[in-house]
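Dear colleague,

Please find below the structure that I am handing over to you, together with its sequence. My findings follow directly after it.

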Amino acid sequence: MENKLYDLEKLDEMSPGNAKFKNDMLQLFITVSTSTMEEIKAAHDKMNLEEIKRLAHRLKPSLNSLGITSMLDEVKRIEKEELSEKALKAVIMRMEIILEIVNRELREVKFEQE
Amino acid sequence: MTDSGFQIFIVEDDPWYGKIIEYHLGLNPDYHVRRFETGKDLLSHLHLKPDLITLDLKLPDMKGDELFLKIREYDADIPVVVVSSQEDIALAVKLLKMGINDYLLKDDATKDLLWNSIIRIRENQKLKKEVESLKEELGKKFTFQNTIIGNSQALQKVFGLIEKAITTNINVSITGETGTGKEVVAKAIHYNSKRKNKNFVAVNMAAIPNELIESELFGHEKGAFTGAVARKTGKFEAANGGTLFLDEIAELDPNNQSKLLRVLQEREVTRVGGHDKIKLDVRLVVATHQNLAEKVKKNEFREDLFYRIMGLPIDLPPLRERGNDVLILAKHFIEGFTQDNGMPNISLSKSAKEKLMRYQYPGNVRELRAIIELAIVMSNGKEMVADDIIFNNINKEDVFMLEHKTLKEHTRDIIKYYLKRNENDVMTTAQQLDIGKSTIYKMMKEGEL
């Protein structure tokens, strides 16, 4: 079975037939997740763990809806585990890489009006 | 709710999720959805009076519970639904106890759950508004002007006593013949008193079997006795803060009299089979058509309970002692009935007035109402005449009029009836029947009476 980085089935089910809404939502995810990732990195620079947790938590619904499970797992680790400084840095780096790949692919996705 | 629809404010700092909720709720054209990213932003827009707020718990500027309290401070009635990713049962319970209307987890089912939650909340709001407006209507309905109609001196005395009952918390005992309006007076006292926003609970003691009275009045716990399949709230508890009206109190058996006395003395009640004592703040109004003092004398009613419940006694005069009130009430009933049935108002002819004034009304106001309603139906729709008025009372004193007898026998029965009513006063009876008193004395002498 192919290990997909994302799954758009839930987004599709959310609004069957409304391609504009789905394309808008993908665009919104790319914008919001990119800026949130930047905010997480800035908070990490200041070692503001509470803020990192809050921002990571904010990403959860969209990661869940777009089936980006690998990144969702990393967010859950930030929320629930007492990570060492080194582990936290590694988790954030992984999130950044996953997001970069996912967003690159999502930019190519275009829902067509049925 | 505004005239233009149902205004929903979403507080959500995640633009992606906010947009999803906004889109989904926006599918209902009646919903006007607006999103805020911070608590402060929401608070500065509360003056727009949203009909419902959905709240995320993790906001950049304040915690969700803190924001919820600020919303409540501003308006205690706006429904608030928390939509959060936090799977924290303790937090959800805490927030529900604080008064949020619902707690939903952000997952795939949220949008549908939120949709249903809003429908439920709107239904509850609608019911709440209906209850409020019904209470208001009830309050209006039971103002003196609308319920206790008449100008007679006997009634003025009653008004004075009701005024006294309204301004205090004193128990009230209402006596009067059947149909004089004992429950109407009890309701007028309740709906014009400070207790009007709490319940008025009426119980007819004569209608409940003795063995059920305790459970009916004081409630019971599940399993208290065979058949007690669920906890039942008693009438005292239901009337807490309001008024409990115990009609036909004289029918209470001695065993239940003792139990009632104890509750009234202690001002608390324990459900049958339970242990918890429930504090009571209940205005008690009792009523009877019997002479309670006589029952006390005959040891049929506890003296201590009699004094405990008597409070302010209000004796309602029978209609036959209220003179012109008969006509005032008749006009009131005509107006009410014609309005309710979309008919034009009907006037009372001279003959109808005279016929109404001559009758004794053993069933009092209740009977007059029934007579008038029937007469309206029988009338030509413009004016009520004497023939439209049919007295159909079932009082045994009048039954003899329906029996087949000779004129002599009827004459004898009529004179006997009037003599009895006038306590054997021959002079008054002769005047009322427009006959010579010698006729009565002669019949007495001949053993006919």
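Please note that this is a predicted model. In chain B, five strands form an open sheet in the order 7-10-13-6-14, with parallel pairing. Strand 7 (200-204) and strand 14 (312-315) of chain B each have a single partner strand, so these edge strands are left without a neighbour in the sheet on one side. On average, neighbouring strands of this sheet are turned by 15 degrees against each other, direction ignored.

Strand 7 of chain B pairs with strand 10 (residues 243-247) of chain B over five bridges, in the parallel sense. Within this pair, B:Val201 stands opposite B:Leu244. Helix 8 (residues 182-191) of chain B lies across strands 6, 7, 10, 13 and 14 of chain B, and runs at about 160 degrees to strand 7 of chain B.

Helix 16 (residues 364-378) of chain B has 15 residues and reaches 21 Å from its first C-alpha to its last. Its buried residues include B:Leu368, B:Ile371, B:Ile372 and B:Ala375. The buried residues of helix 16 pack against helix 14, helix 15 and strand 16 of chain B.

The two chains also meet through helices. Helix 2 (residues 19-45) of chain A packs with helix 1 (residues 15-25) of chain B at an angle of about 160 degrees, their axes 9 Å apart. These two helices are therefore roughly antiparallel to each other, and helix 2 of chain A passes helix 1 of chain B in a right-handed crossing. Among the residues that meet here are A:Phe21 and A:Met25 in helix 2 of chain A, and B:Trp16 and B:Tyr23 in helix 1 of chain B.

Yours sincerely

Definitions and conventions. Residues are numbered from 1 along each chain as its sequence is written. Chains are lettered from A and ligands numbered from 1 in the order in which they are written. This is a predicted model: local features need pLDDT of at least 70, side-chain atom pairs count only at pLDDT 80 or more; totals for chains, interfaces and linings use all residues. Side-chain values use heavy atoms; hydrogens and water are left out. Two strands pair if DSSP finds at least two bridges between them. Helices (H or I, at least four residues) and strands (E, at least two) are DSSP runs, numbered from the N terminus. Axes are lines fitted to C-alpha atoms, for helices over the stretch in contact, and angles run from 0 to 180 degrees between N-to-C directions. Contact means heavy atoms within 4.5 Å. The expected span of a helix is 1.5 Å times one less than its number of residues. Buried means under 20% relative accessible area, exposed over 50%, partly exposed in between (1.4 Å probe, protein chains only). Angles under 35 degrees count as roughly parallel, over 145 as roughly antiparallel, 65 to 115 as roughly perpendicular and the rest as oblique. A crossing is left-handed if the near helix is turned anticlockwise from the far one by less than a right angle, and right-handed if clockwise.
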